[in-house]
Amino acid sequence: RTTDALAHVEILRQTHPTDGELDFLAGRCHEMLVDFQAAAESYEAAIEHAPRRIEAWSRLADIYQNNLDLKERARSLVDRLIDENSLDADAWLSRARFLEQTGAIDEAAADLDKARELDPDNAKILLAAAEIGYAKTRAARLAGRDGLVERTALETRQLIERGLKLSPDNLDLRLRLVVLESHFGDPQKALSLLESILAETPGESRSQILLADLTIAQGDFVRAREAIARLPRTPGSDAMRLFLEGRVAMASEKWQEAATVLTEARRYQSNSNGLAERTDLALAQCFGQLQNSDEELRAYRRILKYRGDSIPARLGMAAIHLRSDRLPDAIAEYQALRHLSSVRLALVRLLIIQNLRVPDVARNWHDVTKLLDEAREAQDNPTLETLLRAEMLMAREKYDEAEALKLGGGGQDADS
């Protein structure tokens with residue numbers, strides 16, 4: 001049918017060569033037929049003939065980014081989208097979604113702020129802002145910034161509640177509230193909200209996935225399996241079904257079974273699929289439990305090939321290196337995450353150990369001092385920061401300064 005539709009559209013394009021809507025429809029057909037080069041050419045024509053057709057821009061950017069490996073062109077395209085449609089809230093929303101997918105969360109949040117200025121009561125924009133807020137809350141938790149977690153979770157909840165006042169039946173907003181409550185609020189409240197949704201839409205796949213996710217976390221594997229069994233049998237849902245079955249096995253500590261199921265799930269996923277990182281992280285955990293460091297490391301490395309900013313993958317690799325006493329390799333992974341308060345002081349300790357393993361002449365205390373100063377300024381963990389600063393001073397044989405520091409008498413090391 002798609003082939004027939006494309007043939008019909010192409011005939012119409014010949015008689016209406018500047019009709020951007022026909023160009024867009026041709027692009028959709030080519031995309032469904034997995035001819036991404038032809039889809040890109042059609043979307044390029046759509047943008048030329050109908051520059052306000054925002055979806056043509058977003059679909060073309062997605063193809064450049066994920067299918068044709070033209071990442072710089074993709075970023076240039078979404079920037080041009082804003083230049084040519086700066087007063088269109090949907091244009092800012094489109095670029096925000098693109099930026100979120102590339103990991104540029106702060107830039108995406110700024111674009112959504114602009115979109116909300118232009119259209120403050122748009123439920124789609126409020127939902128996207130809530131999704132960004134959730135991503136920022138997760139990032140804050142990974143960074144160990146508990147105060148920021150609480151603040152961003154509250155702001156995200158307020159965005160969702162505002163959206164639901166405008167559109168009480170919006171399923172996307174209701175499900176986003178369930179996800180937020182399950183991870184950063186009250187899991188029991190999340191389950192109650194989800195049960196209300198399921199009573200109204202019992203066959204809705206995303207609700208069943210969330211139900212499985214929540215009940216696995218609560219140890220109710222019978223109900224989780226029932227939810228998994230209700231998922232439709234399609235290639236896309238098979239990937240999620242197998243992932244969830246793997247998680248049930250993990251929660252039951254059946255690590256080999258979980259690894260087998262998750263490996264099968266991974267076969268259904270492309271690297272651009274949002275589920276890929278979750279599956280690879282789960283696989284790494286399984287292989288860690290099975291004491292298969294080679295496969296564990298391979299899973300983390302695979303993540304970093306398609307998601308170079310993955311914090312859990314870098315932390316996982318660092319842990320493997322530490323278990324094998326590969327201190328320089330562990331330090332290299334931590335260095336990439338030194339902006340995180342949860343990592344900074346751990347890196348200090350490793351650098352102190354590394355310095356103590358080499359002769360005095362080869363020791364470098366500059367980075368240790370710099371990290372400690374950064375930790376002090378950020379108020380990461382004042383007690384631990386003081387102890388590590390004293391430990392550094394002891395290693396440098398500055399015993400009086402170290403003792404004074406422990407006793408609260410200052411003793412801040414000035415030279416590096």
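What is the volume of the second largest pocket? The second largest pocket has a volume of about 440 Å³. The model is predicted, so local features need pLDDT of at least 70, side-chain atom pairs count only at pLDDT 80 or more, and totals for chains, interfaces and linings use all residues. Residues are numbered from 1 along each chain as its sequence is written, and side-chain values use heavy atoms, with hydrogens and water left out.

**Aromatic pairs**

- Two aromatic pairs are present; rings of Phe, Tyr and Trp (its six-membered ring) pair if their centres lie within 6.5 Å, and planes under 30 degrees apart count as stacked, over 60 as edge-to-face and the rest as tilted.
- Phe24 and Tyr43 form a tilted pair, because their ring centres are 5.7 Å apart and their planes stand at 45°.
- Phe24 belongs to helix α2 (residues 20–32) and Tyr43 to helix α3 (residues 36–49), so this pair ties together parts 19 residues apart in sequence; helices are DSSP runs (H or I, at least four residues), numbered from the N terminus.
- Phe24 is buried at 4% relative accessible area, and Tyr43 is buried at 0%; buried means under 20% (1.4 Å probe, protein chains only).
- The rings of Tyr134 and Phe184 are edge-to-face, because their centres are 5.6 Å apart and their planes are at 70°.
- Tyr134 and Phe184 are both buried.

**Charges over rings**

- The charged end of Arg53 sits over the ring of Phe24, 3.9 Å from its centre; the criterion is NZ of Lys or CZ of Arg within 6 Å of the ring centre and within 35 degrees of the ring normal.
- The charged end of Arg73 sits over the Tyr64 ring, 5.3 Å from its centre.

Definitions and conventions:
1 Å grid on protein atoms, 1.4 Å probe; cavity = no way out; pocket = protein on both sides within 12 Å on 5 of 7 lines; lining within 4 Å. Points joined across faces, edges and corners; volume = space filled by probe spheres on them. Helix = DSSP H or I, 4+ residues; strand = E, 2+ residues; numbered from the N terminus. Buried < 20%, exposed > 50% of the residue type's maximum accessible area, 1.4 Å probe, protein only.
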